[in-house]
Amino acid sequence: MDRPGFTRSSRTFAALAMVAVLMAGCAPPSRPTYIHDEDGRIVIYHGVNVASHAKSAPDHLSWHTREDLARLRDWGFNHVRYLVFWEAIEPEDGVFDETYIANTLERLRWLDELGIDVIVDLHQDLYGQRFGSHGFPDWATDDGGREYVPKHPWNVNYFQTSMWGTFDNFWRSDEIKARYVAMVEYLMGKIEGVPGVVGLDIMNEPWPSYGLLFERKFLSGFYEDIQAMRRRNGFTTPLFFEPIVTDTMVLPSTLVFKPDPGSVYYPHYYDPFGHEGLPYGPLGRVLLGATVKQRVRDAHRFGTALMFGEFGIADTTSGSGAFLEDFIALMNEYHLGWTYWSYDKGGPSSFCLVQEDGTPNPKLSHLVYVYPQRIAGRNPDIEYDDTTFTLRYDPIDTSAPTVVFVPPSLTNVRVTVNGAATDYHATAPLIVHAHGADSSRQELSVQWQ
């Protein structure tokens, strides 16, 4: 199949591959700061994006019922990245759609009732309405009168002069950026204090302006403006921030702003070959490892926790299973949370989590596994082999328990806590361990066949 855009990017991939090979030899960085809950427990999120369908839906809401979302809990997912759109929030300048917000809040309540935490994501792709896409409203679009003719595949449209010029006008316009900040202020006011909402993703995959040093000259200041608004209002919802979308692979972020306490660095990762339908192989594995190491280094520099907000691959891509295994292994190594793209219905050539008839996609076998959702302690060690999971940690002074998810599909499950066998029932797939007054290092082990 002809895949325009990949050939255009081949030199870039080759250059990044050379950088990756050099970085692969560097000593691995230590783990970044953890996300903590209100009880002081370490939180590790396994989640999904909800959902790509909302991009094209007339009401900008996804197809999911409460029962559809309940399936996520059964699969062990404890987090959703929930897509919202500026064009849906503020379809006219200064006019906010209260019906859309009410429908959104209803779905956030469903997720909270199911015990699933939410990061609200302000999503854009290809800027917005003017380009037959979604995100920015038409009234906030200055395309300079440039002609736009859509091309295939969709992502090559980012390189059109009309698209790049529109983003350039946004980043250089204090007026339009101020309108974005005002919209974020409105949205944060609506989600502030909503149970289960643990963060706001400021902007999905920021596309740069013309010229060099975009993150340093434009994106850093934009994030600082959002933070200043948050402080001014006394909002407590943490901010999740992304690097420039072209930092998806290998390259270090050049953001220079100082994130507020509690902020989370929230990059994405897609294999550059697999994303275009080409095989995932040894070079892809090197790129993946080097990129994750670099994101960890970035997070250390920012002084924040790190979590991956998007990753995915189509079943029809050669090596797709190996990509998922390699990605998950790195997430486990660095104790990182992740969010799969996305909880949608689709065929094997899509990234979707369920098939057209709603049955689970086989890729779930890579995403559903034993893991600690919340750790009531510090200095955790987490070990995996083919049939064993072991968690060790120094307990903190809290009555809140450590929680470990065990897939109900596992057979002959045996659980030990500090060397003693404990009851386990597959009908209740969460292992809940409260250490009580015990201040010694804790060990929880799960074995299966």
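Two strands count as paired if DSSP finds at least two bridges between them. Helices (H or I, at least four residues) and strands (E, at least two) are DSSP runs, numbered from the N terminus. The model shown is predicted, with local features needing pLDDT of at least 70 and side-chain atom pairs counting only at pLDDT 80 or more, while totals for chains, interfaces and linings use all residues. Residues are numbered from 1 along each chain as its sequence is written, and side-chain values use heavy atoms, leaving out hydrogens and water.

**Figure 1. Eight strands close into a barrel.** Follow the barrel in the order β3-β4-β5-β6-β7-β8-β9-β10, where the pairing is parallel. In total, the secondary structure of the protein has eleven helices and 18 strands. The radius of gyration, taken over C-alpha atoms, is 22 Å, close to the 22 Å from the globule rule (2.2 Å times the number of residues to the power 0.38) for 449 residues, so the protein is as compact as a globular protein of that length. The C-alpha trace spans about 70 × 45 × 45 Å along its principal axes.

**Figure 2. Strand β3 sits between its partners β10 and β4.** Here β3 (residues 46-50) pairs with β10 in the parallel sense over three bridges, and four bridges join β3 to the parallel strand β4 (residues 79-84). Look for Gly-47: its bridge partner in β10 is Thr-339, and in β4 Gly-47 stands opposite His-79. Five of the five residues of β3 are buried (under 20% relative accessible area with a 1.4 Å probe, protein chains only; over 50% is exposed, and in between is partly exposed). His-46, Val-48 and Val-50 point one way from the strand, and Gly-47 and Asn-49 point the other way.

Figure 3. Strands β9 and β10 pair in the parallel sense over two bridges. Along β10 (residues 337-340), Trp-338 and Tyr-340 point one way, Gly-337 and Thr-339 point the other way, and all are buried.

**Figure 4. Helix α9 lies across β7, β8 and β9.** The helix covers residues 282-302 and runs at about 145° to β9; axes are lines fitted to C-alpha atoms, for helices over the stretch in contact (heavy atoms within 4.5 Å), and angles run from 0 to 180 degrees between N-to-C directions. Two bridges join β8 (residues 264-265) to β9 (residues 305-308), and these strands run parallel.

**Figure 5. The largest nonpolar core has 127 residues.** A nonpolar core is a set of buried Ala, Val, Leu, Ile, Met, Phe, Trp, Tyr and Cys residues joined through side-chain atoms within 4.5 Å. Phe-170, Tyr-180, Trp-338 and Val-446 have the most contacts inside this core. Helix α7 (residues 174-191) gives the largest share, nine residues. A second, separate core of nine residues includes Ile-35, Tyr-45, Ile-119 and Val-264. Across the protein, buried residues make up 59% of the 449 residues.
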